[in-house]
Amino acid sequence: MKYEKMKFYGFSDINSEIKKQKTNKFNSKSDIFYNSKEYNNDEYNHNKNKSIISQRQNYNYKDNYNSKKNSYKEYENIITSRIGLYNLGNTCYMNTCLQNLIHCKFFIKKLVKINQRQKINNNTPITYEFFDICNNVSNEKETIIDPSNFKKIFSKKHKEYKGYAQLDTQEFCRILLEDMNYELNEVKNPSKYKELSTEGKSKKQCDKEFDELFKSRENSIIIDTFYAQIINIFTCKCGYETYSFQKILDLPLLLPDEDKPVSLNDLLDEYFEGDIIQFSTKCKKCGKKTAHKKDIKISEPSNILILSFQRINERTQKKNISEIKFTEKLSLKKYVERDCGFYNESQYELYGIICHKGKINFGHYYTYIKIDERDWYEFNDSKVTYIGREINTISTSVYALFYQKKS
Ligand SMILES: [Zn+2]
């Protein structure tokens, strides 16, 4: 998968150091930077361009949604909708992801605004189809929505989604958000990639510089909504610090090898656990080649936090059924860097839970979503059921969690 590739870039000589860390746990497929944004994706974008052009030739688009509706009402109707989506044949992976995006207040509010600026049109085919579903669920006359147009357009670009195989919801979600990010990218003339230096600068300065460089190349409501910025802090024995940064879309959390009860906090602790790294370049201050302490922190928390649990072990082809305990209120304070200016933006509230029942290749996804910040509903393809004010937060089937940052 192209999204697994990553490029460390940004500050000082750390890039080469990190690349050398073959034994480091984060270099594995499911590493911390699994969904890092990479810069040298020109070839990838080129391919995307090609597929979009071919879609345009084959498809007649309706006029873009030039909504005359009151925008507040429009987005309110979308995020409070309780309308199911038809299962087109093993498409529960798609429906669960779509429902969590449809009910994502922060995102939909921005999407509705973008539509009012007529930015959702035939140049943004996947976003267009997604927004079409949003409009359909907001229509109170509808009972169940058929998402086949969306699937058709999406799978024109991603052939692996053409048939009706059982696929991973989290992988689908990443690809969909990346597609919309590409379509909605506001940067017309991306600036050139450059190495930044941390020398003599504060963490906050470096963090800001990285964010600005990143957004001068790629910026959209997707980046704004779902991407967090991560800082890696490398400290030499003499105390000298260097930094590197990444943007990440979600946090894929590893589960223990054996099935056993775990808490979300334990999994997060492990994700943000530091390391000791042997540098082969000389420290700029003491001039020695020595071991550095590595700390991983969030420098800029995302507005929406997606956590996924790595239940599928690709090596053993087994599903991990560990019982996971999570909470509706989540504080990331422990993992947020104090000195980057976003320390107080670390409180989250749960609004979506994706569950998976069954075996690795024979199972079913469904999702629980909190509506009006009060009532929980189960969205199981076409069926929507009221659950109540409380939701079970201990589960052997929880697969992904969607949290929104408290404003
Ligand atoms: Zn040193």
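**View A. Asp372 occupies the loop between β15 (363–371) and β16 (375–380).** Strands here are DSSP runs of E of at least two residues, helices are runs of H or I of at least four, and both are numbered from the N terminus. The phi angle of Asp372 is near 60°, a positive value in a residue other than glycine. The model is predicted, so local features are given only at pLDDT of at least 70 and side-chain atom pairs only at pLDDT 80 or more, while totals for chains, interfaces and linings use all residues. Residues are numbered from 1 along each chain as its sequence is written, and side-chain values use heavy atoms, with hydrogens and water left out.

**View B. Gln317 also has a positive phi, of about 55°, although it is not a glycine.** This residue is found in the loop between β10 (312–313) and β11 (318–319). With a relative accessible area of 44%, Gln317 is partly exposed; on this scale, buried means under 20%, exposed over 50% and partly exposed in between (1.4 Å probe, protein chains only).

**View C. Four cysteines coordinate the zinc ion.** The donor atoms are the SG atoms of Cys236, Cys238, Cys283 and Cys286, at 2.2 to 2.4 Å. Donors are N, O and S atoms within 2.8 Å of the metal (3.2 Å for Na, K and Ca), with water not among the atoms. The angles among the four donor atoms run from 105 to 112°, and the site is tetrahedral, a label given to four donors if all angles lie between 85 and 135 degrees. Along the sequence, the donor residues are spaced C-x1-C-x44-C-x2-C.

**View D. Lys289 lies in the loop between β7 and β8.** At 54% relative accessibility, this lysine counts as exposed. Lys289 and Phe279 are 10 residues apart in sequence, and their C-alpha atoms are 5.9 Å apart in space. Leaving aside neighbours within four places in sequence, Lys289 is in contact (heavy atoms within 4.5 Å) with Gln278, Phe279, Ser280, Thr281 and Lys282.

**View E. Four strands form an open antiparallel sheet in the order β4-β3-β8-β7.** The edges are held by β4 and β7, each with a single partner strand, so one side of each is left without a neighbour in the sheet. On average, neighbouring strands of this sheet are turned by 30° against each other, direction ignored. Helix α9 (residues 203–215) packs on the sheet and touches β3, β4 and β8; the direction of α9 makes about 35° with that of β4. Axes are lines fitted to C-alpha atoms, for helices over the stretch in contact, and angles run from 0 to 180 degrees between N-to-C directions.

**View F. Antiparallel pairing joins the strands of the sheet.** Strands pair if DSSP finds at least two bridges between them. Eight bridges connect β3 and β4, where Ala228 stands opposite Ile248 in β4. Seven bridges connect β3 and β8, where Thr235 stands opposite Lys293 in β8. Four bridges connect β7 and β8, where Ile277 stands opposite His292 in β8. Strand β8 is mostly covered, with seven of its 10 residues buried.

**View G. Helix α4 (residues 92–102) is largely enclosed by the rest of the structure, because 11 of its 11 residues are buried.** Among these buried residues are Met94 and Leu98. Phe150 is in contact with both Met94 and Leu98, and also with Ile126, Glu129, Phe130, Ile133, Phe172 and Leu176, leaving aside its neighbours within four places in sequence.

**View H. The largest nonpolar core has 59 residues.** A nonpolar core is a set of buried Ala, Val, Leu, Ile, Met, Phe, Trp, Tyr and Cys residues joined through side-chain atoms within 4.5 Å. The members that touch the most others are Phe107, Ile108, Phe130, Phe150, Leu176 and Phe226. Another core, of 35 residues, lies apart from it and includes Phe272, Leu307, Tyr343 and Leu350. In the chain of 407 residues, 55% are buried.

Definitions and conventions: Four donors count as tetrahedral if all angles lie between 85 and 135 degrees; four count as square planar and six as octahedral if opposite donors are over 155 degrees apart and all others between 65 and 115; anything else is irregular.
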